[in-house]
Every structure is written in C-alpha cells, then in structure tokens.
Amino acid sequence: MSVLKTFNKLPELNTANIMLVGSDVSDLEKLSRSIMDENHSFNVNVRLAQSLPLPVENEDSRPRIDLLVFMVNLRSSYSLSLAESSLKFIDPHYFLGKVYFLATGARSSHLSSDLLPSLRKLSASSHSPVLFADLESDSDRLSVARRFLTLLRIAAGLVPGASALFLNTLLKGAPASANEDPPN
C-alpha cells in the first residue's frame, strides 16, 4: 500500500493526468470517455480507481497524477465512506488545490439526508472543493468533462500565471468572519 505523492515524479511535457476515484465503475468510465472525447490542446491521461491505496507493484511506471477527483454518489453512504477512507493514502501536498469531490445524484428523490452534510464536512476538513453534477445525460457529462479539463490544465501547470492553489482559493471564496454564521 502506497501513499499517492504529488512531487515524487517529474511532469511530462504538455501532458496532464487525472485520476477519478469512485465506487460506481460505470459513472467513472462514462466520465472518463467524455474527458477523452473532448477536444483539448494537450495530452490527457485518465486513470480510474475504485479506491486508494493504489497497488505498489506498478508504482514506478505510474505517471504523476495532476488532479484527483473523488466521485461521491449522494444516494450511497458506501461511496462517501470509500472517499473518506481513501484520503488517508494521499500526500498532504495534494490538498493544495489538486483534490476535488464530485457529488452526483443530488437531484434524486432517494437522497440520504445525512450524506450531504457529511460530504461538506469532509470537504472542509480536507480543504477541497465540492462540485455538484449529474452524469445521466451526455450533455451533463460533457459539461463536467469541460470543467475538469480546465481544472486539470491549471493543476498540471499548463496555464501560465495560474496555479491549482490559487484556483482553489477562488473556488472556496472568502473565509467567513468570526461574527458571521457559516453557510449551510
């Protein structure tokens, strides 16, 4: 069992690597296909995993992961617990703008009432933003793919003058003052 580290490998020229982690294999594959099918000006590699840690045996051949996305289905408590248990196997430097949570299934009538607050707490404790999306239609997946390709370009250092940490602070917004109640 190995910890996923940010700076232990050199970046490849004009290449970015994204890893999608989640319990629903079909959603992972559909989103990865949408990312790969979208036009982009750089080489994109998509890696899929159902959980972390990754196996040690192919660690030498594994590329540097520029962006790590945990897909959490809000209809499944297993999905959230899987993401939570996987966070232990990530180097703390990843939480400087290279980890995102993708919450799916928020429109469902079978939504568990305690999963969304738990996901928000997990997001706050790991300093990683949550993006909400449904992946049922092709247009929804295309929109999510475009968003992650933009984030991936920045996280991989392919956008001059922008960094993943800077983008992360913009997505999170200004911190609440001591007199204000935190947003729900």
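Contact, throughout these exercises, means heavy atoms within 4.5 Å. The structure is a predicted model, in which local features need pLDDT of at least 70 and side-chain atom pairs count only at pLDDT 80 or more, while totals for chains, interfaces and linings use all residues. Residues are numbered from 1 along each chain as its sequence is written, and side-chain values use heavy atoms, with hydrogens and water left out.

**Exercise 1. Pro-129 and Phe-101**

Task: Find where Pro-129 is placed, and state which residues Pro-129 is in contact with once its neighbours within four places in sequence are left aside.

Solution. Begin with the secondary structure, where helices (H or I, at least four residues) and strands (E, at least two) are DSSP runs, numbered from the N terminus. Pro-129 is found in the loop between α3 (115–126) and β5 (130–132). Next comes accessibility, for which buried means under 20% relative accessible area, exposed over 50%, and partly exposed in between, with a 1.4 Å probe and protein chains only. Pro-129 has 8% relative accessibility and therefore counts as buried. With the sequence neighbours within four places set aside, its contacts are Val-99, Tyr-100, Phe-101, Ser-123, Asn-168 and Leu-171.

Now take Phe-101 from that list, a residue placed in strand β4. Its relative accessible area is 0%, so Phe-101 is buried. Not counting residues up to four places away in sequence, Phe-101 touches a set that includes Phe-70, Val-72, Leu-119, Ser-123, Pro-129 and Leu-131. The C-alpha atoms of Phe-101 and Asp-134, 33 residues apart along the chain, are separated by 13 Å.

**Exercise 2. The length and buried face of α1**

Task: Compare the span that helix α1 should have at 1.5 Å a residue with the distance between its end C-alpha atoms, and then describe where its buried residues fall.

Solution. The expected span of a helix is 1.5 Å times one less than its number of residues. For the 13 residues of α1 (residues 25–37) this gives 18 Å, and the end C-alpha atoms are 18 Å apart, which agrees. The buried residues in α1 are Asp-27, Leu-28, Leu-31, Ser-32, Ser-34 and Ile-35. Seen down the axis of α1, these buried residues fall within an arc of 160° (taken from the directions from the helix axis to the C-beta atoms), so they line one face of the helix. They pack against β1 (15–22), β2 (43–49), β3 (67–73), β4 (99–104) and α4 (138–155).

**Exercise 3. The packing of α1 with α4**

Task: Describe how α1 and α4 pack, and which residues make the contact.

Solution. First the geometry: axes are lines fitted to C-alpha atoms, for helices over the stretch in contact, and angles run from 0 to 180 degrees between N-to-C directions. On this basis α1 and α4 pack at an angle of about 65°, with their axes 8 Å apart. The residues that make the contact are Lys-30, Leu-31, Ser-34 and Ile-35 of α1, together with Arg-141, Leu-142, Val-144, Ala-145 and Leu-149 of α4. For the classes, Ala, Val, Leu, Ile, Met, Phe, Trp, Tyr, Cys and Pro count as nonpolar, Asp, Glu, Lys and Arg as charged, and the others, Gly among them, as polar; the contact has six nonpolar, one polar and two charged residues.

Then turn to α4 itself, whose 18 residues should span 26 Å at 1.5 Å a residue, and whose end C-alpha atoms are 25 Å apart, which agrees. The buried residues in α4 include Arg-141, Val-144, Ala-145 and Leu-149. After α4 comes Gly-157, whose phi is positive, near 80°.

Last, Glu-38 is found in the loop between α1 and β2, and is buried, with a relative accessible area of 16%. Not counting residues up to four places away in sequence, Glu-38 touches Leu-142, Arg-146 and Leu-149.
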